[in-house]
Amino acid sequence: MYDVRSRDSNEFIDDAEILESLEEGRRLASDRTEVERILNRARECRGLTHREAAVLLFVDDEETLKRMYALAREIKERIYGRRIVMFAPLYLSDYCVNNCRYCGFHASNKTVRRKLSQEELREEVLALEALGHKRLLLEAGEDDRNCPLDYILECMHTIYSTKLRNGSIRRVNVDIAATTAENYRRLKEAGLGTYILFQETYHKPTYEFMHRGGPKASYEWHTEAMDRGMLEGGLDDVGIGALFGLYDWHYEVMGLLMHAEHLEAVAGVGPHTISFPRLLPAEGVDYSAYRLVSDRDFKHLIAVTRLAVPYTGMILTTRESAEFRRELLDIGMSQMSAGSCVGVGGYAHPGRTVPGETPQFHLADERRPEDVLKGLVRDGYLPSFCTACYRSGRTGDRFMPLAKSGEISNCCQPNAMLTFKEYLLDYADDELRALGEKMIDDELAGIARESRRNQTALYLKRLEAGERDLRF
Ligand code: SAM
Ligand code: SF4
């Protein structure tokens with residue numbers, strides 16, 4: 001029985017409610033008046049219900065799809081401007097006791113396993129800082145014996161205390177297996193930014209088929225993780241996602257939106273981000289057995305999500321090709337990774353492989369971060385390395401009112417400029433510096449409030465004189 005406020009995942013992700021929503025969506029998608037009503041509602045930037053989004057998921061004529069993309073772009077620009085927040089994933093350990101069919105780290109894949117020592121981690125962090133990164137997403141398989149929570153906490157401490165000249169990691173997000181409320185509390189105390197956990201699939205029978213063993217095999221334990229974290233563990237900043245390709249994408253979008261509605265209902269704030277990983281080939285994984293999502297459908301579902309949750313950060317990963325990433329940025333993505341490595345220890349020693357060890361999956365975009373940034377700036381995007389909100393306590397329910405009042409553009413836009421300026425001063429080559437400086441000049445002129453514009457200009461000068469980490 002569907003109940004948005006229930007603590008039971010079988011009730012807040014109720015299968016019958018999803019099927020009914022999809023059925024109704026399929027039927028109403030040919031009703032032009034209804035589609036127009038929903039698009040008009042989306043234009044108000046107040047989001048859509050999962051039932052309304054279901055209708056848009058079944059729109060199939062090119063003309064309406066194009067209008068949806070244009071609207072997604074308009075909403076994105078109204079809220080986020082041309083900013084794209086940059087981050088890098090960092091793999092700590094590939095030990096894993098779970099047996100997820102789609103993942104190269106699954107337990108029965110007989111590969112060589114390892115985890116970073118604190119010394120190796122320091123080398124990785126220095127390499128990431130030398131690339132200009134300020135925000136990391138820690139990744140690890142689940143294995144309490146080889147990779148306990150204490151190890152993750154120690155790694156967070158090492159990361160925050162490793163500095164390279166002007167470089168430092170200012171925000172550590174963590175993507176580790178579902179855990180207890182007590183462990184979430186400890187992560188928070190250690191300086192956790194966002195806790196990210198992908199649902200993989202919201203369809204319970206498929207979930208149970210995909211997860212053949214280990215703690216992750218329990219659908220309830222996994223799906224209720226954010227409730228434990230937010231209601232008992234003190235987390236206020238969480239990110240959800242689905243691994244597209246495991247089950248029907250329409251169903252997954254319903255699951256994501258219902259999960260977001262649920263968190264908003266019980267915790268007072270929805271997810272800070274939604275990630276969109278798409279299944280990629282991995283070692284020891286039979287790729288032909290999946291329901292791969294085409295580029296057209298992927299773009300469609302991303303646009304609908306942007307219309308449904310206008311204020312939620314949307315994360316694009318290097319799983320997508322450079323060319324396709326451009327299209328997706330245009331219609332809604334607000335964060336992306338660059339220069340990613342999806343194996344343990346790949347930043348400090350690129351190309352050095354351990355015999356018998358495999359990455360988690362094979363990447364589609366392998367450009368260096370600097371080339372990714374050049375591409376972004378040429379396309380008119382402003383790369384942001386900002387981490388100010390979380391460090392100023394503007395997270396969870398304190399972030400959303402800021403976002404919704406439009407104040408975000410007076411705060412995030414100058415912060416993006418300041419952090420990109422730092423990047424240009426410390427890491428860029430001449431070509432990127434010239435492109436970036438021009439962009440910052442143009443953006444400065446576009447800051448509406450005069451006092452904020454003047455203050456930003458002053459901060460830019462102070463950065464040139466050698467100061468760092470200036471922010472609003
Ligand atoms: N072990 C933790 C877990 O499973 O929740 C977190 C880290 S896992 C390294 C991060 C994510 O990678 C998984 O949640 C899954 O969605 C994604 N992933 C696994 N196999 C993949 C594949 N073959 N292609 C794309 N993404 C994959
Ligand atoms: Fe382990 Fe996560 Fe891979 Fe599953 S997805 S096998 S839990 S690393």
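Okay, one definition before we start: a charge sits over a ring if NZ of Lys or CZ of Arg is within 6 Å of the ring centre and within 35 degrees of the ring normal. Keep that in mind, and keep in mind too that this is a predicted model.

So, with that, where does the charged end of Arg228 sit? Over the ring of Trp221, 3.5 Å from its centre. Lys299 does this with a tyrosine: its charged end sits over the ring of Tyr69, and there the distance to the ring centre is 4.6 Å.

Let's stay with rings and turn to how they pair up with each other. A pair of aromatic rings is described by the distance of the centres and the angle of the planes. Searching the whole structure turns up eleven aromatic pairs. One of them is Phe244 with Phe298, an edge-to-face pair, with 6.0 Å from centre to centre and 70 degrees between the planes. That pair links distant parts of the chain, 54 residues apart: Phe244 is in the loop between strand 7 (238-241) and helix 12 (249-267), while Phe298 belongs to helix 13 (residues 295-308). Are these two buried or exposed? Both Phe244 and Phe298 are buried.

Now look at Phe385 and Tyr423. This aromatic pair is stacked, at 5.1 Å centre to centre and with 0 degrees between the planes. Here again distant parts of the chain are linked: Phe385 comes from the loop between strand 11 (382-384) and helix 16 (388-391), Tyr423 from helix 18 (residues 408-426), and they are 38 residues apart. Phe385 has a relative accessible area of 4%, so it counts as buried. Tyr423 is buried as well, because its relative accessible area is 3%.

One last thing on rings: Phe244 turns up again, in an aromatic cluster that it forms with Phe276, Phe298 and Phe324.

How many residues surround it? There are 20, and the closest are Tyr102, Glu200, Lys216, Leu280 and Arg319. If you zoom in, a backbone N or O atom of Tyr102 is 2.9 Å from a nitrogen atom of ligand 1. Taken alone, ligand 1 exposes 560 Å², and the protein buries 97% of that. The shell around ligand 1 splits into twelve nonpolar, two polar and six charged residues.

You'll find Glu200 in the loop between strand 6 (192-196) and helix 9 (204-210). Its relative accessibility is 9%, which means that Glu200 counts as buried.

Cys45 has a positive phi too, near 65 degrees, and is likewise a residue other than glycine. Cys45 sits in the loop between helix 3 (32-43) and helix 4 (50-57). With a relative accessible area of 6%, Cys45 is buried.

Last stop, Arg325, found in helix 14 (residues 322-330). Arg325 is buried, at 1% relative accessible area. Tyr2 is 323 residues away from Arg325 along the chain, and their C-alpha atoms are separated by 36 Å.

Note on methods:
Residues are numbered from 1 along each chain as its sequence is written. Chains are lettered from A and ligands numbered from 1 in the order in which they are written. This is a predicted model: local features need pLDDT of at least 70, side-chain atom pairs count only at pLDDT 80 or more; totals for chains, interfaces and linings use all residues. Side-chain values use heavy atoms; hydrogens and water are left out. Rings of Phe, Tyr and Trp (its six-membered ring) pair if their centres lie within 6.5 Å; planes under 30 degrees apart count as stacked, over 60 as edge-to-face and the rest as tilted. Helices (H or I, at least four residues) and strands (E, at least two) are DSSP runs, numbered from the N terminus. Buried means under 20% relative accessible area, exposed over 50%, partly exposed in between (1.4 Å probe, protein chains only). A residue is near a molecule or strand if one of its heavy atoms lies within 4 Å of it. A polar contact is a pair of N or O atoms within 3.5 Å; within protein, one must be able to donate a hydrogen and the other to accept it, and residues adjacent in sequence count only if both atoms are side-chain atoms. Accessible areas come from the Shrake-Rupley method with a 1.4 Å probe; for residues, only the protein chains shown count as cover. Ala, Val, Leu, Ile, Met, Phe, Trp, Tyr, Cys and Pro count as nonpolar, Asp, Glu, Lys and Arg as charged, and the others, Gly among them, as polar.
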